[in-house]
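Colleague: I am new to this structure and would like a close look at a single part. Please keep the account plain.

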Amino acid sequence: MKLILAIYRQLCEWAMKLPFYSINTGHVSVMMIVVFYMAMVGVLILLVRAKSADCAKVRRRMVCLCAAVIMTLCCVCYEAASFDREFRVVFMDVGQGDGILIRSGMGVNILIDGGSSSSNKVGEYVMAPVLKFYGAAHVDYAFVTHGDKDHVSGIQYLLSDTNSGIRIDNLVVPMYGDIENMGELLELAEKRGVNIIYMDGGSQMSYGKDAAKMWLNFLHPSEKTDIKDANDLSAVIRLEYRGYSVLFTGDLGEDGERELISEGDDLSADVLKVGHHGSRYSTSGEFLRAVDPDLAIISAGENNRYGHPHGETLERLDACGADVMSTIDHGAICVEITDGGISVTGYR
């Protein structure tokens, strides 16, 4: 028995090295299930009629083949026409940490951080399932704001586990940021053949065309920074899409916020990912006036030992008029951006 299992395991490992050994289509919509059963009923009707008509054996086989083809085409055509292509930003429920998936309508998948200090297997049990659910098994860019465990542990898992089913093409880190604490992550990326991109304040990336063009503006830190604290060296990224914007701030604290404001970049955003999980030493009143968010999202773990989000931070967010949602209360939070505006859904 042990020999049989060993042979089976070896065959599976060989099979996993073949091209397209794993194909991730993402979750199936409810309407897709309805279409499938409607097509199946149609196929059964064809088969019953073929049998009752006392067709020749070859002819019945042809009818069965045609019915199977019709059923497959119905399902494929429906799914191709209605496939989930909406632009969305998913703030994953990683516990005490950050993990954000940007699922663009242009086939580009982007991660901003991915880790947790409250879950040792956040990559295996949270991040990989979320990515597969959204059909994002291929991550084009994984941005890392800084090197703390609660921002990188999940990405380390995706890079180290060859059986995770997730492939990362590019790892993006701040050129003047927390590079020392990212040593293990960078070594792992090099070992896996992942391209490493270093970005400076003022750098940009864009995808798409015309009104559907997405911009990622890398605002902080830049060469001019004199900050030494790892949290205040967190990469700050501003996303723009269809006239709406989302600001990602990592663990940026008040010193980093002041430097960011002094640099004079446009910080206004419809959605703010609140810095440092809602710490009392981040998201200052001055910073909120510069951002002026309509929605503030806090990623933190329930009953965490840091007391995040802090009451003072929540008061400042309330004073600036922002609606507040946290992963503690809502689980994963999905922000969809369409022509019609922004819609927000919590999964709890």
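Which residues in H4 meet which residues in H5?

Modeller: This is a predicted model, in which local features need pLDDT of at least 70, side-chain atom pairs count only at pLDDT 80 or more, and totals for chains, interfaces and linings use all residues. Residues are numbered from 1 along each chain as its sequence is written, and side-chain values use heavy atoms, with hydrogens and water left out. Helices are DSSP runs of H or I with at least four residues, strands are runs of E with at least two, and both are numbered from the N terminus.

On the H4 side, Val122, Gly123, Glu124, Met127, Ala128 and Leu131 meet Ser153, Gly154, Ile155, Tyr157 and Leu158 of H5; contact means heavy atoms within 4.5 Å. Seven residues of this contact are nonpolar, three polar and one charged. Here Ala, Val, Leu, Ile, Met, Phe, Trp, Tyr, Cys and Pro count as nonpolar, Asp, Glu, Lys and Arg as charged, and the others, Gly among them, as polar.

The axes of H4 and H5 lie 9 Å apart, at an angle of about 75°. Axes are lines fitted to C-alpha atoms over the stretch in contact, with angles from 0 to 180 degrees between N-to-C directions. The two helices are therefore roughly perpendicular, a term for angles of 65 to 115 degrees.

Besides H4 (122-133), the buried residues of H5 pack against strands S3 (109-114), S4 (138-143) and S5 (167-174), and helix H6 (183-191).

Definitions and conventions. Angles under 35 degrees count as roughly parallel, over 145 as roughly antiparallel, 65 to 115 as roughly perpendicular and the rest as oblique.
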